[in-house]
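Take a look at the structure shown here.

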Amino acid sequence: MVAVPLRARLAPHRGKLRLLGLGFVVGALLALGYRRLLSEVTPAAAGLSGEQELHDAVSAGPSERVRALARLRTVPVRRRVEVAAEVRLLGQVVPSEKRLRAVTAWTGGRIDRLHVNTTGERVEAGQVVASLYSPEVVAAHQDLLVAARQQTRLSVAAGGTQEVAAMAEKAVSAARERLRLLGVPDDELTRMEKRGRPLKAVAIRSPFSGTVTERVATEGAYVATGAELYRIADLERVWVQLNASESELPRLSTGQAVAIHLEALPGEEFAGEITFIDPTLDATRRTALVRVEVGNRSGSLRPGMFAEATVAAGDGVTERSPLVVPAGAPVFTGRRAIVYVESEPADELSLAAPRYEARTVRLGPRLGQEYPVVAGLSEGERVVARGAFALDADLQIPDDTEALTRPVVHETARKGGAIELSAGELRPLSPVLEGYLDIQRSLAADQLSGAKTSAGQLEKEVGAVKLDTSRVHRDVRAAWRAWNDLAPVLIRHAQHVRRAGDLEAARAGFERLTEDVATLLTRFGNPLGRSVNLAFCPMAFGSEGASWFQLGAQIDNAFFGETMRSCGELRERIAPGGHLRSYVRHVANPR
């Protein structure tokens with residue numbers, strides 16, 4: 001057997017081997033580049049000192065290479081625009097309660113005849129609807145006729161005296177008054193005076209126009225004075241009673257225009273407006289009645305008809321619309337949902353690269369290409385919508401399996417030890433803590449305007465802090481560096497409270513502000529001349545728990561306010577000049 005050289009055997013495959021080798025070279029180069037990329041953006045490789053906060057690692061600017069590769073795109077947090085700006089409701093036509101009337105018997109007796117026998121008949125005002133025999137009316141009518149004849153016979157013209165004629169006139173007046181007391185109307189009394197003999201049956205007339213909705217009386221029955229004979233409804237204006245669910249009620253208000261369509265009248269549209277929204281809900285159906293008044297001169301709308309209503313609900317955006325972020329914005333790490341918020345630059349004209357803050361948020365169930373934000377963001381903040389995963393890898397956020405089941409100790413409290421300062425060196429921080437406590441008291445009292453005002457004052461106090469650096473020693477230098485890192489975060493979170501549109505948003509911002517104050521008390525100590533207490537409520541934010549700082553030993557819950565103001569417990573007391581020993585923040589679960 002002749003041995004064939006290896007080169008000769010591989011010659012037919014030379015092209016494939018060249019491509020394979022080129023692929024190995026490209027793969028090796030890509031791997032080497034990725035490792036160099038991570039080394040550039042890892043906080044440790046970037047030279048972070050042991051005293052710097054972990055917050056610096058999660059609030060930083062990505063490298064130029066990552067920004068170019070990921071093509072980061074930020075969008076503002078906004079309120080959800082409903083797909084349909086119209087609310088469609090179902091209901092039915094009913095008579096207007098304002099136009100319901102009852103025809104009653106003005107005297108007691110026996111019904112001899114009903115002139116309106118069926119429900120649904122139309123009656124006019126003044127129309128005779130029944131004839132009634134009343135012994136009392138017959139007797140009183142007889143007395144009136146006798147008194148009238150006596151008056152004629154005893155008048156002065158017939159030769160009677162003035163006194164006799166006056167007595168006869170009084171007798172006629174008394175007979176008339178008796179009939180009036182029995183309920184005979186004046187127009188009927190005039191007709192009775194002109195008759196020569198007493199009526200055997202008196203006429204019951206309808207004082208109203210409308211449609212008979214119920215016939216109560218029966219011929220031959222005896223009725224008492226005031227008994228109902230008919231119920232009448234004027235259908236020239238009717239109500240359309242609609243059923244609105246709980247989620248639809250915030251978009252409805254009195255005065256809104258409504259277009260009514262009926263299945264029985266295809267192609268026709270009736271205009272009306274909402275005049276009433278029931279303040280209570282049906283406990284079984286979980287709906288509230290919405291009343292619409294509609295003109296019905298043509299009589300086309302009949303009580304009992306089913307109707308479909310379309311309510312113009314504006315542009316679909318209200319103060320109650322939830323805040324939303326794009327579906328690509330959150331990064332889910334275990335039980336946490338994190339979004340990257342673009343930090344506000346200190347100078348609008350600055351050309352410096354933007355910085356991004358990793359922020360834990362609570363989200364609602366996904367709605368299409370968006371997530372509703374329950375807490376953690378304010379309207380108008382810009383979040384990374386594209387490139388969040390690349391940014392997450394760039395900033396190297398620590399995430400271990402143990403964090404899935406245990407409370408997370410506040411990062412800034414865990415990184416860096418306490419800084420010992422004298423009372424004089426600590427005093428400039430007193431207005432900052434006082435400003436925070438003002439916000440806490442306002443939220444505990446459900447005073448949103450007070451909390452927003454105090455947050456604005458807190459921003460000014462943080463900006464006005466000037467630590468005494470005349471004594472140059474290690475702790476003063478460390479305090480100066482730590483304060484320069486903490487101050488921008490305090491201002492940013494105070495702005496969240498100041499810009500909040502409701503108490504829920506303000507309390508979400510207050511939760512982050514509390515973490516910053518925990519850092520202040522851990523690193524610098526209590527600058528006040530009195531003790532500050534750390535309190536904890538396990539039921540806040542859907543039983544996830546939240547902490548806050550307060551004065552006094554009586555619980556003053558800033559997260560529930562007047563609803564459950566005393567809910568919670570005291571965890572730690574920080575004496576004047578003392579440091580916070582431990583602060584536990586419970587991880588918010590994405591929902």
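This is a predicted model: local features need pLDDT of at least 70, side-chain atom pairs count only at pLDDT 80 or more; totals for chains, interfaces and linings use all residues.

Leaving aside residues up to four places away in sequence, Arg149 touches Gln142 and Gly196. Gly196 sits 47 residues from Arg149 along the chain. Yet the C-alpha atoms of Arg149 and Gly196 are separated by 9.9 Å. Arg149 belongs to helix α5, which runs over residues 135–153.

Now turn to salt bridges. How many salt bridges does a search of the whole structure find? It finds 22. Let us visit some of them.

Arg78 pairs with Glu370 in a salt bridge. The closest N and O atoms of Arg78 and Glu370 are 2.1 Å apart. What about their surroundings? Arg78 has 36% relative accessibility, so Arg78 counts as partly exposed. Glu370 has a relative accessible area of 14%, so Glu370 is buried.

Next, find Asp234 and Arg99. Their side chains meet in a salt bridge, with 2.7 Å from N to O. Here, too, the pair links distant parts of the chain: Asp234 and Arg99 are 135 residues apart. Both ends lie in loops. Asp234 is in the loop between β12 (228–233) and β13 (237–245). Arg99 is in the loop between β4 (86–95) and β5 (100–104). Asp234 is buried because its relative accessible area is 16%, under the 20% cut-off. Arg99 is partly exposed, with a relative accessible area of 26%.

Move on to Arg565. Which residue does the side chain of Arg565 meet in a salt bridge? The partner is Asp556, at 2.5 Å from N to O. Arg565 is partly exposed, at a relative accessible area of 28%. Asp556 shows 15% relative accessibility, so Asp556 counts as buried.

Salt bridges can also share partners in this model: Lys98, Arg237 and Glu293 are joined that way into one network.

Look back over the pairs. Asp234 is buried, while Arg99 is partly exposed. Asp556 is buried, while Arg565 is partly exposed.

Key. Residues are numbered from 1 along each chain as its sequence is written. Side-chain values use heavy atoms; hydrogens and water are left out. Helices (H or I, at least four residues) and strands (E, at least two) are DSSP runs, numbered from the N terminus. Contact means heavy atoms within 4.5 Å. A salt bridge is a side-chain nitrogen of Lys or Arg within 4 Å of a carboxyl oxygen of Asp or Glu. Buried means under 20% relative accessible area, exposed over 50%, partly exposed in between (1.4 Å probe, protein chains only).
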